[in-house]
Amino acid sequence: MTANASGPPITPAGMAALQARYHHLLSKERPEIVEIVSWAAGNGDRSENGDYLYGRKRMREIDRELSHLARRMKKLRVVNPAEQPDKARVFFGATVELADEDDARKTVTLVGDDEQDASEGRIGWNSPMAKALRGASVGDLRIVRLPSGLKEWEVMAIEYA
């Protein structure tokens, strides 16, 4: 799979995870289901054969996911945060330490939308927080519109891995 030069960004690790999922489905899960369906089909009446019906359903799910992953990987643009020329400002791949009005600290990393995980501090490139932080420097204040209302954050540190 080749990445698109102008598509949505993703980190090299994020692309590797998508590729690993694709290859796992294609080389392990799908062949196992094909084997079950073939075996179940040989058992006669398919209309009440649970293994056959479940297997066909699962195969359709796997094929849909494979198709989705293939389309997605073709559109994505791999961006290596370590190669960011301006490390003094927040861009894709930055890990940013923030402080709110009460000096509560929070660290977030701006990643591709396909690899976001708020519980791990990875926020999607198109999330409200990431959009507010884009281009910020240490000391800048940014206001983010959250479901609970507006919240102001100060950029305390910026790192690129």
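Reader: What makes the pair of side chains of Asp-113 and Asn-126 a polar contact?

Author: The two side chains are joined at 2.6 Å, and a polar contact is a pair of N or O atoms within 3.5 Å, where within protein one must be able to donate a hydrogen and the other to accept it, and residues adjacent in sequence count only if both atoms are side-chain atoms. The side chain of Asp-113 also reaches the backbone nitrogen of Trp-125, at 3.0 Å. This is a predicted model, in which local features need pLDDT of at least 70 and side-chain atom pairs count only at pLDDT 80 or more, while totals for chains, interfaces and linings use all residues. Side-chain values use heavy atoms, with hydrogens and water left out, and residues are numbered from 1 along each chain as its sequence is written.

Reader: Why is Gln-84 called buried?

Author: Its relative accessible area is 18%, and buried means under 20%, exposed over 50% and partly exposed in between (1.4 Å probe, protein chains only), so Gln-84 counts as buried. By that rule Asp-113, at 30% relative accessibility, is partly exposed.

Reader: How do you know that H1 and H2 are roughly antiparallel?

Author: Helix H1 (residues 12-41) and helix H2 (residues 50-75) pack at an angle of about 155°, with their axes 9 Å apart; axes are lines fitted to C-alpha atoms, for helices over the stretch in contact, and angles run from 0 to 180 degrees between N-to-C directions. Angles under 35 degrees count as roughly parallel, over 145 as roughly antiparallel, 65 to 115 as roughly perpendicular and the rest as oblique, and H1 and H2 are therefore roughly antiparallel. Helices here are DSSP runs (H or I, at least four residues), numbered from the N terminus.

Methods:
Helices (H or I, at least four residues) and strands (E, at least two) are DSSP runs, numbered from the N terminus.
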